[in-house]
Amino acid sequence: MIGQWKEKYPPKQFALLAFTGAPASFPVQQENLPLQKYLEWSDNIEKKAENFIKKVLPKGAFIGIHLRNGIDWVRACQHIPESPGLFAAPQCLGYRNEKGPATSDMCLPSQEMIIRQVKRVVKNINNSVNNNNDRTIKSLFVAADSNHMIDELKSGLHRMKVKVFKYPESDPHVDLAILGKSNHFIGNCISSFSAFVKRERDVKGFTSSFWAFPTQKNSKTSATHEEL
């Protein structure tokens, strides 16, 4: 097949091929994960992301998080009990749910859980770098489809002296590019938006984690999870 493509579209003549759709099915299947390494952001998106990081965020490391909390998502999360592999769930649970079932907390974490997990990640990273000023977490970047929780996160991170930001315009592509460049990313296990960031970061060898995953045995779980 590769030979046929090269014969029909020789690289010297066809430096760029534009397709009308994605090169693989949605949600992304395991065999298609390696395709992410071929993706590159356009110069325009790359420049916007770099300028925001350099000119808006404080000097130092930053964490990127993705919050999915719009009303459409709230309704989608209600299907978790009968659809444990909903959307991008396999990215953390495995394609055969070998790492456990999806939970309501993974899909729609509470405000308290989000703030608690962010604080834990900030503390762990800062301790691991021995409070090196250039490598400690100075800011948090939030991408969201509805509520960015800016005020709540500012209040929760005030004592840790971590400032909270979002991109001033509604531009999901720039959000994705910035999240991909963060020192650590916390995403939504079920969300395909988060999955895009996770795949890009895996290619680059960057660290990522998910809300409420892995499930803590001593944490308060939803009634649905208890039944499962």
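## Basis and confidence

Residues are numbered from 1 along each chain as its sequence is written, and side-chain values use heavy atoms, with hydrogens and water left out. Because the model is predicted, local features need pLDDT of at least 70 and side-chain atom pairs count only at pLDDT 80 or more, whereas totals for chains, interfaces and linings use all residues.

The protein averages a pLDDT (the predictor's confidence in each residue, from 0 to 100) of 92, and 95% of the residues score at least 70. Over residues 218-228 the pLDDT stays under 50, and for this stretch the model has 12 contacts (heavy atoms within 4.5 Å) beyond four places in sequence.

Helices (H or I, at least four residues) and strands (E, at least two) are DSSP runs, numbered from the N terminus. Helix H9 covers residues 192-204, and its 13 residues should span 18 Å at 1.5 Å a residue, which agrees with the 19 Å between its end C-alpha atoms; the expected span is 1.5 Å times one less than the number of residues.

At the start of H9, a side-chain oxygen of Ser191 comes to within 3.1 Å of the backbone nitrogen of Phe193. Just after the helix, Gly205 takes a positive phi of about 80°.

Buried means under 20% relative accessible area, exposed over 50%, and partly exposed in between, with a 1.4 Å probe and protein chains only. In H9, the residues Ser194, Ala195, Phe196, Val197, Lys198, Arg199, Glu200 and Arg201 are buried. What covers the buried residues of H9 includes strand E1 (61-67), H4, helix H8 (172-181), strand E4 (184-187) and strand E5 (208-210).

Ser194, which lies in helix H9, counts as buried because its relative accessibility is 0%. Its side chain reaches the backbone nitrogen of Asn188 at 2.8 Å. Not counting residues up to four places away in sequence, Ser194 touches His66, Gln91, Phe185, Gly187 and Asn188.

## The largest pocket

A pocket is an open set of points on a 1 Å grid over the protein atoms alone, where a 1.4 Å probe fits, with protein on both sides within 12 Å along at least five of seven lines; lining residues have an atom within 4 Å of a point. About 1400 Å³ of space lies in the largest pocket, the volume being the space filled by probe spheres set on the points, which are joined across faces, edges and corners. Of the 41 residues that line this pocket, the closest to its centre are Pro23, Asn32, Leu35, Gln36 and Leu39. The elements that give two or more residues to the lining are H4 and H9, and H9 gives the most, with eight residues.

## Two histidines

His184 is found in strand E4 and is buried, with a relative accessible area of 10%. A polar contact is a pair of N or O atoms within 3.5 Å; within protein, one must be able to donate a hydrogen and the other to accept it, and residues adjacent in sequence count only if both atoms are side-chain atoms. The side chain of His184 makes such a contact with the side chain of Thr207 at 2.8 Å, and another, of 2.9 Å, joins the side chains of His184 and Ser209. Leaving aside neighbours within four places in sequence, the residues in contact with His184 include Phe62, Ile63, Gly64, Val121, Ile125 and Arg201.

His79 sits in the loop between helix H3 (71-77) and helix H4 (90-93), where this residue is partly exposed, with a relative accessible area of 42%. His79 and Ser191 are 112 residues apart in sequence and 14 Å apart in space, C-alpha to C-alpha.

## Backbone features in loops

| Residue or bond | Feature | Value |
|---|---|---|
| Phe26 to Pro27 | cis peptide bond | omega about -5° |
| Phe213 to Pro214 | cis peptide bond | omega near 0° |
| Phe87 | positive phi | phi near 50° |

Pro27 lies in the loop between helix H1 (2-8) and helix H2 (43-55), while Pro214 is found in the loop between E5 and helix H10 (223-227). Phe87, in the loop between H3 and H4, is partly exposed at a relative accessible area of 32%. Asn97 lies in the loop between H4 and helix H5 (104-107) and counts as partly exposed at 28% relative accessibility.
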